[in-house]
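Reader: Could you walk me through one part of this model slowly? I'd like to start with a single side-chain pairing and then see what the surroundings look like.

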Amino acid sequence: MSMLVVGILFIILGFIIIKGISVISWDFITKMPGDGMTTGGIFPAIVGTLCLIAGSMIFSFPIGVLSGIYINEYLRNGYTVRFIRLMTNNLAGIPSIVFGLFGMSLFVNTLGFGDSLLAGSLTLGLLTLPVVIRTTEEALKAVDDSFRQGSYALGASKLYTVRKVVLPIAYPNIITGLILSIGRVSGETAPILFTVAAYFLPKLPSSIFDQAMALPYHLYVLATSGTDIEKSRPMAYGTALVLILLVLVMNLLANALRRFFSKSVKMN
Amino acid sequence: MAKIETKDVNLFYGEYQALKNISIPMEENSVTALIGPSGCGKSTYLRLFNRMNDLIENVKITGEVIIDGEDIYRKGINVDELRIKVGMVFQKPNPFPKSIFENVAYGLRVNGYTDKEMIEETVVKSLQHAALWNEVSDKLSKSAFELSGGQQQRLCIARALANSPSIVLMDEPASALDPLSTAKIEELIHELKKDYTIVIVTHNMQQAARVSDRTAFFYLGELIEYDLTSNIFTSPKKQQTEHYITGRFG
């Protein structure tokens, strides 16, 4: 069964690699698109996606982790906790295009940010918030209670115990939440459709109120719009490849971070 | 005046009454053993003295728990400070995933001590007091998890001692350990008695007989008998006590 899954993964990857590798070059990664998207590179889309990843992390990570800590360590198990869990799960299940619409309505229009990195980051941040909260909760639950008891018995407050004993043990698994979020944010197209994505921008974004291009949307654009779709097609595959590689690199970095934390907490 | 004492203490977990009218005085620098079959309330009773029962929901306590003349459950008592004065060692060794040094230093850091020299001195002294120093002096920065079970438990004892408590509570400290480690811990208790007041819960009656000055026999939340250990084990006054000690039940 698992061989089947691995097989499918390899087929998809192989497909993208074969179709897209011809386009990959240093120019492709660092240059702006030109000639109606038939030549040049996808640099602005890469920059845009990286900005969105960073922006959504800044929003969802601190709030999500702190919420997870509050829910698991401070709330007594009762109606409140169950209600919050129910709401979080529901939030996680909302289709991403609905998030996009919500983001457009609140951030772009009502709050007046306009189509911008700010609006896009906030929308994507909302999207990944339930994931971060949930993985933080699970990470904290996995910390054996005997550690907390030992700390309390030495006169430590709950806050101190969480900071110095529980969190360090839970960090590796919390970072898993980070990894999941990065993957999600990189590839989501619908939320950025109405909040930040642009078909083409001659300049790179210089402030959070600027619009930006982004890899998933750019992929869509290359594959379906443009002046000469057949000519743009290889670039679409190239974009897909870059997107996958980007997520892979981010995951590897996050995994390295995870291992660093595992080592510094001397569990072995 | 007794060092620690309970007067008519009742404890309820919700509707269930776990402790019924327990009154026991304990002398300073003595070892008191709490024995009884599983579920009799001895661990619950032990946890009165450092208010670890507070961590459980729906717990109600009536009566007085007195340490050095003061009821520790009255309003205004600082529980964190209480727990510095009353240390605890748990049944299963629970060192933190930190180095040996940092484990012992934890209590000191919690309470705001930052003087490097003082911390180092205290860590060394505590490890010596816990009869562990010779085995770890050359690897203080190694993870606590590299130690054996018996060593980890002695580390937990050192960790508790670092806070300079006057009372040490031990909840079946040797039940998870092999006989050799158990013997070491029992020897340790003999030594510690000189400087600390110790209350120890144990399932092992021979251990209670070896280690304690006085013994309290609990059954179903009630105190059946409390006397000098020698009396309890050679001429118990209550029949239930006799039955438990001779292994008729439990």
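Author: Let's start in chain B, where the side chains of B:T6 and B:Y45 make a polar contact at 2.7 Å. (A polar contact is a pair of N or O atoms within 3.5 Å; within protein, one must be able to donate a hydrogen and the other to accept it, and residues adjacent in sequence count only if both atoms are side-chain atoms.) Bear in mind that this is a predicted model, where local features need pLDDT of at least 70 and side-chain atom pairs pLDDT 80 or more, while totals for chains, interfaces and linings use all residues. Residues are numbered from 1 along each chain as its sequence is written, chains are lettered from A and ligands numbered from 1 in the order written, and side-chain values use heavy atoms, without hydrogens and water.

So where does B:T6 sit? You'll find B:T6 in strand β1 (residues 4-13) of chain B. (Strands, E of at least two residues, and helices, H or I of at least four, are DSSP runs numbered from the N terminus.) B:T6 counts as buried, at 0% relative accessibility; buried means under 20% relative accessible area, exposed over 50% and partly exposed in between, with a 1.4 Å probe and protein chains only. Leaving out residues up to four places away in sequence, B:T6 touches B:I22, B:S23, B:I24, B:Y45, B:L48, B:F49, B:E64 and B:V65, where contact means heavy atoms within 4.5 Å.

Most residues other than glycine have a negative phi. B:R51 isn't a glycine, yet its phi is positive, about 55 degrees. B:R51 lies in the loop between α1 (42-46) and β4 (59-67) of chain B and is buried, at 13% relative accessible area. B:S164, also not a glycine, has a positive phi of about 50 degrees. B:S164 is in the loop between α6 and β7 (167-171) of chain B, and at 58% relative accessibility it counts as exposed.

Next, look at α3(B). 9 of its 11 residues are buried, so this helix is largely enclosed by the rest of the structure. Among the buried ones are B:I100, B:F101, B:Y106 and B:V110. The cover comes from both chains: it includes α7 (145-153) and α8 of chain A, along with α4 (116-129), α5 (133-136) and α6 (149-161) of chain B. After α3(B) comes B:G112, with a positive phi near 90 degrees.

B:Y106 takes us to the largest nonpolar core, which has 69 residues; B:Y106 is listed among those with the most contacts inside it, alongside A:L52, A:I53, A:I174, A:I192 and A:L215. (Such a core is a set of buried Ala, Val, Leu, Ile, Met, Phe, Trp, Tyr and Cys residues joined through side-chain atoms within 4.5 Å.) Elements giving two or more residues include α3 (43-74) and α8 (158-187) of chain A and α3 (100-110) of chain B. The largest share, 13 residues, is from α8(A). As for A:L52, what it touches includes A:L117, A:L124, A:I192 and A:A214, not counting residues up to four places away in sequence. There's a second, separate core too, with 44 residues, including B:A162, B:V168, B:L177 and B:F217.

Last stop: A:L178, in helix α8 of chain A. A:L178 is buried, at 14% relative accessibility. Beyond its neighbours within four places in sequence, A:L178 is in contact with A:M57 and A:F61. A:L178 and A:M57 are 121 residues apart in sequence, but 8.0 Å apart in space, C-alpha to C-alpha.
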